[in-house]
Amino acid sequence: MSEADWTPALLWLAVVASGLYHGVNPGMGWPLAVSAGLMERSPRALASALWPLAVGHLLAMLLVILPFALLVTLVEWQRQIQIGASLLVIAFGVFRLVGRSHPRALARIPPTQLGLWSFAVAIAHGAGLMLVPIYLGLCREASLDRGHAAADALINTSVSMAVLVALVHAAAMIAAGGCLAWLVYRYLGLKFVSRSWFNLDMSWAISLVLVGAIALALSVAG
């Protein structure tokens with residue numbers, strides 16, 4: 001496999017890895033699925049709670065990525081868009097490092113509205129922004145040649161690529177969160193959550209800065 005073949009493979013691996021990373025974070029909602037299962041004493045309730053969490057996260061990803069899918073059709077400005085997106089991700093990561101408290105508005109969303117809650121949390125914590133540099137890197141593979149042919153190709157592929165990236169990421173996220181929720185519900189119990197509760201807010205913010213910095217370095221070097 002050539003180096004050119006490895007590049008998209010590694011980018012897709014990053015999409016999946018970021019989804020697993022988000023899913024493991026309790027802040028993305030898997031403890032709410034555990035709570036639903038315990039309250040109704042049914043694993044079906046747990047599984048049912050995962051669906052709105054997944055849909056909310058997916059919609060948040062699409063809300064962030066789709067505007068870039070439209071912007072990336074401007075082939076002659078693609079490098080500037082990549083640099084701007086990288087700086088945006090870095091800035092948001094620094095913002096999350098400085099102020100790591102959860103927005104108060106999220107506390108007003110009742111747990112019964114899991115889809116809305118998942119959507120709001122993913123937006124507030126910049127989950128979608130983490131995917132932007134990866135997505136732009138995937139689209140760059142379709143724009144190595146310039147001119148009208150490249151523009152036509154990007155117009156047809158960028159939106160579908162955005163949807164595919166969001167779907168793959170959300171699937172990985174809910175798979176990781178769902179597995180943790182099931183393990184806590186079926187085997188580990190709430191004591192495990194209270195004793196070993198972890199929050200990835202700081203590492204998440206650092207990850208945003210690193211992803212943005214790597215994307216910025218690649219854009220400048222390219």
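Predicted model: local features only at pLDDT ≥ 70, side-chain atom pairs only at ≥ 80, totals over all residues.
After α5 comes Gly126, a residue whose phi is positive, near 75°. The protein to which this helix belongs has eight helices and zero strands in its secondary structure, so that, read from the N terminus on, its elements follow the order α-α-α-α-α-α-α-α, by the DSSP runs used to assign them. Of the 222 residues in the protein, 45% are buried, and among the contacts with a separation of 6 or more, 86% are accounted for by residues 24 or more positions apart.

The partner of α5 to consider next is α3. The two helices pack with their axes 7 Å apart and at an angle of about 40°, and because of that angle α3 is oblique to α5. Their crossing is right-handed. On the side of α3, the contact is made by Ala49, Pro52, Leu53, Gly56, His57, Leu59, Ala60, Met61, Leu63 and Val64, while α5 contributes Leu114, Gly115, Trp117, Ser118, Phe119, Ala122 and Ile123. Sorted by class, the residues of this contact between α3 and α5 comprise 13 nonpolar and four polar ones, with no charged residues.

The crossing in which α2 passes α3 is right-handed. From α2, the residues Trp30, Ala33, Val34, Ala36, Gly37 and Glu40 meet Ala45, Leu46, Ala49, Leu50 and Leu53 of α3, and by class this contact of α2 with α3 has nine nonpolar residues, one polar residue and one charged residue. One of the α2 residues, Val34, can be followed in more detail: Val34 counts as buried because its relative accessibility is 2%, and its C-alpha atom is separated by 5.9 Å from that of Leu46, a residue 12 residues apart from Val34 along the chain.

Once its neighbours within four places in sequence are left aside, Ala54 is in contact with Ala170, Met173 and Ile174. For Ala54 and Met173, which are 119 residues apart in sequence, the distance in space from C-alpha to C-alpha is 7.7 Å.

These packing details can be set beside the largest nonpolar core, which has 48 residues, and in which Ala33, Leu53, Met61, Phe68, Tyr135, Leu136 and Val165 touch the most other members. At least two residues of this core are supplied by each of α1 (3-24), α2 (30-40), α3 (43-71), α4 (78-98), α5 (114-124), α6 (127-140), α7 (148-195) and α8 (201-221). The helix that gives the most to the core is α3, with 13 residues. Among the core members that touch the most others, Leu53 is also one of the α3 residues in the contact with α5 and one of those met by α2, whereas Met61 is listed in the contact of α3 with α5 and Ala33 is among the α2 residues that meet α3.

Methods. Residues numbered from 1 in each chain as written. Heavy atoms only, no water. Core = buried A, V, L, I, M, F, W, Y, C linked by side-chain atoms within 4.5 Å. Buried < 20%, exposed > 50% of the residue type's maximum accessible area, 1.4 Å probe, protein only. Helix = DSSP H or I, 4+ residues; strand = E, 2+ residues; numbered from the N terminus. Axes fitted to C-alpha atoms, helices over the stretch in contact; angles between N-to-C directions. Parallel < 35°, antiparallel > 145°, perpendicular 65-115°, else oblique. Left-handed = near helix turned anticlockwise from the far one by under 90°. Contact = heavy atoms within 4.5 Å. Nonpolar A, V, L, I, M, F, W, Y, C, P; charged D, E, K, R; others polar.
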